[in-house]
Amino acid sequence: ELIDENGDSVGAGVEALLTYGGGTVCDDSFTDNSANAICKEMGFTGSARWSNGLKYDLQNNLTIALDDVTCSDEDWASCNFSTSHNCGHSEDVFLQCGAGGFELIDENGGPVGAGVEALLTYGGGTVCDDSFTDNSANAICKEMGLTGSAKWSSGSRYDLQNNLTISLDEVTCSDEDWASCDYTTSHDCSHSEDVFLQCGAGGFELIDENGDSVGAGVEALLTYGGGTVCD
């Protein structure tokens with residue numbers, strides 16, 4: 001269970017104290033596999049991030065329930081642990097699980113919609129650009145209910161990227177439908193490879209050299225769903 005500083009349960013999207021049987025979990029041997037396996041065991045898509053520390057007063061009133069949580073993959077069945085420990089509460093694990101699905105976020109972690117290039121996340125973690133193509137971009141935009149991709153790029157641009165896990169890699173799509181896509185939740189990436197994506201809201205629009213909408217009487221670039229129209 002994930003709990004806040006008052007001992008109340010929290011859900012996805014919030015980094016909180018990880019507990020097991022009412023006690024804390026020590027960070028010895030804890031890895032991203034451990035974090036993902038535990039989030040999935042709790043019914044979430046995976047881990048967005050994890051850290052450790054003595055952050056809540058209530059930690060001092062709890063026992064340390066688990067130590068040396070080692071997982072060979074992201075399934076709880078692959079994990080081993082010990083109920084004895086050699087830890088202090090400064091080693092307690094704090095965990096944030098992802099709620100699932102794709103989301104575009106700005107530099108403050110807030111959601112953005114169509115028409116803005118922003119950081120692509122899945123289950124609270126980033127998406128690596130390995131094997132990423134225009135098909136991948138269009139499929140993901142459509143999966144989020146938008147018409148398609150206007151543009152995409154990659155890079156390390158937001159400070160918050162360093163606090164996130166990398167959720168997906170090798171997103172390969174044979175066409176522009178998410179059902180055609182394959183991906184892996186393991187990766188060999190750094191945050192400099194995180195995907196930034198701009199989705200189109202749909203419909204035709206005339207824009208000037210700054211990307212701003214223009215009205216009648218001005219010759220301007222014709223776009224549809226955030227992309228151009230070929231002659």
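Colleague: Which residues do ring pairs link into a cluster?

Modeller: This is a predicted model, in which local features need pLDDT of at least 70 and side-chain atom pairs count only at pLDDT 80 or more, while totals for chains, interfaces and linings use all residues. Residues are numbered from 1 along each chain as its sequence is written, and side-chain values use heavy atoms, with hydrogens and water left out. Rings of Phe, Tyr and Trp (its six-membered ring) pair if their centres lie within 6.5 Å; planes under 30 degrees apart count as stacked, over 60 as edge-to-face and the rest as tilted. Ring pairs of this kind make a cluster of F102, Y122, W178 and Y183.

Colleague: How many aromatic pairs does this rule give?

Modeller: The rule comes to a count of 10 aromatic pairs. One of them is formed by Y20 and F81, with 6.2 Å centre to centre and 55° between the planes, and its class is tilted.

Colleague: How many residues apart in sequence are the parts that Y20 and F81 tie together?

Modeller: Helices (H or I, at least four residues) and strands (E, at least two) are DSSP runs, numbered from the N terminus. Y20 belongs to strand β2 (residues 16–20) and F81 to strand β6 (residues 79–82), so the parts tied together by this pair have a sequence separation of 61 residues.

Colleague: Is the pair of F132 and W152 stacked or edge-to-face?

Modeller: The ring centres of F132 and W152 are 4.8 Å apart. Their planes stand at 65°, so the pair is edge-to-face.

Colleague: Where does W152 lie?

Modeller: The pair links distant parts of the chain, 20 residues apart. F132 is in the loop between β10 (125–127) and α2 (134–143), whereas W152 is in strand β11 (residues 148–154).

Colleague: Is F132 buried or exposed?

Modeller: Buried means under 20% relative accessible area, exposed over 50%, and partly exposed in between (1.4 Å probe, protein chains only). W152, at 27% relative accessibility, is partly exposed. F132 has 6% relative accessibility and therefore counts as buried.

Colleague: The charged end of R157 sits over the ring of which residue?

Modeller: A charge sits over a ring if NZ of Lys or CZ of Arg is within 6 Å of the ring centre and within 35 degrees of the ring normal. The charged end of K55 is placed in this way over the ring of F94, 4.5 Å from its centre. For R157, the charged end is 4.2 Å from the centre of the ring it sits over, that of F196.

Colleague: How many disulfides does a search of the whole structure find?

Modeller: A disulfide is a pair of cysteine sulfur atoms within 2.5 Å. C26 and C87 form one, with sulfur atoms 2.0 Å apart. Searching the whole structure gives 6 disulfides.

Colleague: Is the link of C39 and C97 left-handed or right-handed?

Modeller: The sulfur atoms of C39 and C97 are 2.0 Å apart. This pair links distant parts of the chain, with C39 in helix α1 and C97 in strand β7, 58 residues apart. The angle about the S-S bond is -85°, and the link of C39 and C97 is left-handed.

Colleague: Is C189 buried or exposed?

Modeller: C189 is joined to C128 by a disulfide, S to S 2.1 Å. C128 has 0% relative accessibility and counts as buried. At 13% relative accessibility, C189 is classed as buried.
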